[in-house]
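Here are my notes on the model you sent. They are set out as numbered points, with the cut-offs given where a term comes up.

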Amino acid sequence: MPEGDTVWLASKRMHDALAGRVLTRFDLRIPRHATADLTGRPVTEVVARGKHMLTRIRGGITLHTHFRLDGSWHLQRPGARWRGGPAHQVRAVLANAEWEAVGYRLHDIRLLPTAEEDTLVGHLGPDVLGPDWDPAEAARRITADPDRAVGDVLLDQRVLAGVGNLYKAETLFLTGLSPWTPVGEVPDVPKVVATAYRLLRANRDHPEQSTTGSLRRDETHWVYGRAGRPCRRCGTRIQLGEQGPPGRAEYARVTYWCPRCQPGWPSRPG
Ligand SMILES: [Zn+2]
């Protein structure tokens, strides 16, 4: 599942392939923008903002895309066979003389004036991997509503942008916090912020997502994806539960935790 580090790396690769080069193909396969044609213009830059990707094109135009759960961009040489999935899942094709970027299963595709990007990403909190990362502001936003569960707050992109379910679960394990701890009872919020930053930053430049430091199969995570298996620290069985804002089932997400290493209020979902 793409998190901030995945989008950051994808944006960097897109930037390296597209920035400064004139578009020879611009093909958006969604009804709203099916006739848009920006060939002949250079891409100026590709940047990540949280989990959003912004492809800026000369003339003050931005292409906004989001991976959600399963989107991806594949970079290849022009004319090579597309390999990222069936053709009907292709939502965008951007090419220049050297590279072709094929976007599969992309969501929230929008063309808009670059000056209006904030209408799509202005609500985001401090971007963990952004140039303007502000840990003090992130900590302030985390504690703004002291009754919210820390596991919910870390996923709220308005609080801090870029953390998804994997880094949430691993951050809470490494800081010894039950996902249901109210943020007002978290003793060291800056440590939570610093841990999330450290994990995302450590994985920013490569596609593997390891929070343990190991890239060996089955050793990359502390708790995420390990329900029923022994905690690497204490041997207790890792628990799996659903968590989300009360009464908002559509936002429920599974979470993983070790009840012994992450005690607290409440230690089980209620
Ligand atoms: Zn444990």
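1. Angles between axes under 35 degrees count as roughly parallel, over 145 as roughly antiparallel, 65 to 115 as roughly perpendicular and the rest as oblique. Axes are lines fitted to C-alpha atoms, for helices over the stretch in contact, and angles run from 0 to 180 degrees between N-to-C directions. Helices (H or I, at least four residues) and strands (E, at least two) are DSSP runs, numbered from the N terminus.

2. This is a predicted model, in which local features need pLDDT of at least 70 and side-chain atom pairs count only at pLDDT 80 or more, while totals for chains, interfaces and linings use all residues. Residues are numbered from 1 along each chain as its sequence is written, and side-chain values use heavy atoms, with hydrogens and water left out.

3. Helix α5 (residues 165-174) packs against α6 at an angle of about 130 degrees, and their axes are 9 Å apart. The two helices are therefore oblique to each other. On the α5 side the contact (heavy atoms within 4.5 Å) is made by Y167, E170, T171 and L174; α6 supplies V192, T195, A196, R198, L199 and L200.

4. Just after α5, G176 takes a positive phi of about 70 degrees.

5. E3 lies in the segment before α1 and is buried, with a relative accessible area of 1%. Not counting residues up to four places away in sequence, E3 touches K51, G162, V163, G164, N165, L166, Y167 and Q209. E3 and Q209 are 206 residues apart along the chain, and 9.6 Å separates their C-alpha atoms.

6. Which residues coordinate the zinc ion? The SG atoms of C231, C234, C258 and C261 do, at 2.2 to 2.4 Å. Donors are N, O and S atoms within 2.8 Å of the metal (3.2 Å for Na, K and Ca). The site is tetrahedral, with angles of 99 to 114 degrees among the four donor atoms; four donors count as tetrahedral if all angles lie between 85 and 135 degrees.

7. The zinc donors are spaced C-x2-C-x23-C-x2-C in sequence. C231, in the loop between α6 (189-202) and β9 (239-243), and C258, in the segment after β10 (253-257), are 27 residues apart, and the pair links distant parts of the chain. C231 is buried at 5% relative accessible area, and C258 is buried at 0%.

How values were computed: Tetrahedral: all angles 85-135°; square planar, octahedral: opposite > 155°, others 65-115°. Buried < 20%, exposed > 50% of the residue type's maximum accessible area, 1.4 Å probe, protein only.
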